[in-house]
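Dear colleague,

Please find below the structure that I am handing over to you, with its sequence. My findings follow directly after it, and I would be grateful if you would read them with the model open.

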Amino acid sequence: VLRRKGLLVSCIVPKDSPWGEFYIKLGSQGHPFYSKARFLTLKEHEKLLELAGFKILYSMGTLSYPPVGEPINEEPSSNVNDKGFVCVKATKRS
């Protein structure tokens, strides 16, 4: 339930990101969590939000390094291409 013009933030690991591909592979190998997970591309996620009556305001992403790489401290970026974790801010249409 969200009031009219309310805000929603939803975050995903995009299916077509290096992180999504890594987790999908773990799932195919029987990982108890990732074998049950459903991954979407960012476009698929945004389309579902729009079909549910939301207007996308903006997206921010992080995890620009590969899953097996050395972790780095990074600020979220509006450039979400190939990011392993993306959050979308949307508002409920009136």
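In helix α2, which covers residues 42–51, the buried residues include L42, H45, E46 and L49. Because these residues cover an arc of only 95° around the axis, they sit on the same side of α2. Please note that this is a predicted model. The opposite face of α2, turned away from the buried side, carries the exposed residues K43, K47 and L51.

Against which elements do the buried residues of α2 pack? Their partners are the strands β1 (7–12), β2 (54–62) and β3 (85–92). Just after α2, G53 adopts a positive phi of about 95°.

**Overall arrangement**

The protein contains 2 helices and 3 strands. Read from the N terminus, the order of the elements is β-α-α-β-β. The C-alpha trace spans about 45 × 30 × 20 Å along its principal axes. Of the 94 residues, 33% count as buried. Among contacts with a separation of 6 or more, 67% are accounted for by residues 24 or more positions apart.

**Helix α1**

Helix α1 covers residues 18–28. Its buried residues include W19, G20, Y23 and G27. These cover an arc of only 100° around the axis, and therefore lie on the same side of α1. K25 and S28 are exposed and are carried by the face of α1 turned away from the buried side. Just after α1, G30 takes a positive phi of about 95°.

F22 also belongs to α1. Is F22 buried, partly exposed or exposed? Its relative accessible area is 29%, so F22 is classed as partly exposed, given that buried means under 20% and exposed over 50%. Not counting residues up to four places away in sequence, F22 touches P67 and V68. The C-alpha atoms of F22 and P66 are 9.0 Å apart in space, although the two residues are 44 residues apart in sequence.

**The strands**

Strand β3 pairs with both of the other strands. It runs antiparallel to β1, to which 6 bridges join it. It also runs antiparallel to β2, and here 8 bridges join the two strands. Within these pairings, L7 has T91 of β3 as its bridge partner, and T62 has F85 of β3.

T91 deserves a separate paragraph. This residue is located in strand β3. With a relative accessibility of 15%, T91 falls under the 20% limit and therefore counts as buried. Which residues is T91 in contact with, leaving aside its neighbours within four places in sequence? They are K5, G6, L7, G53, F54, K55 and L57. The C-alpha atoms of T91 and L7 are separated by 4.5 Å, while the two residues are 84 residues apart along the chain.

**The loop between β2 and β3**

Two residues of this loop may be of interest for their backbone angles. L63 lies in the loop between β2 and β3. Its phi is near 65°, a positive value in a residue other than glycine. D82 is found in the loop between β2 and β3 as well. D82 is not a glycine either, yet has a positive phi of about 65°. What is the relative accessible area of D82? The value is 55%, which means that D82 is exposed, since the cut-off for that class is over 50%.

**The largest pocket**

The volume of the largest pocket is about 160 Å³. Its lining consists of P14, D16, S17, T41, L42, K43, V80, N81, D82, K83 and V86. By class, the lining residues divide into 4 nonpolar, 3 polar and 4 charged.

L42 is one of the buried residues of α2, whereas K43 is one of the exposed residues on the face turned away from the buried side; both line the pocket.

With kind regards

Note on methods:
Residues are numbered from 1 along each chain as its sequence is written. This is a predicted model: local features need pLDDT of at least 70, side-chain atom pairs count only at pLDDT 80 or more; totals for chains, interfaces and linings use all residues. Side-chain values use heavy atoms; hydrogens and water are left out. On a 1 Å grid over the protein atoms alone, a cavity is a set of points where a 1.4 Å probe fits but cannot get out, and a pocket is an open set with protein on both sides within 12 Å along at least five of seven lines; lining residues have an atom within 4 Å of a point. Grid points are joined across faces, edges and corners, and a volume is the space filled by probe spheres set on the points. Ala, Val, Leu, Ile, Met, Phe, Trp, Tyr, Cys and Pro count as nonpolar, Asp, Glu, Lys and Arg as charged, and the others, Gly among them, as polar. Helices (H or I, at least four residues) and strands (E, at least two) are DSSP runs, numbered from the N terminus. Buried means under 20% relative accessible area, exposed over 50%, partly exposed in between (1.4 Å probe, protein chains only). Contact means heavy atoms within 4.5 Å. The arc is that of the directions from the helix axis to the C-beta atoms. Two strands pair if DSSP finds at least two bridges between them.
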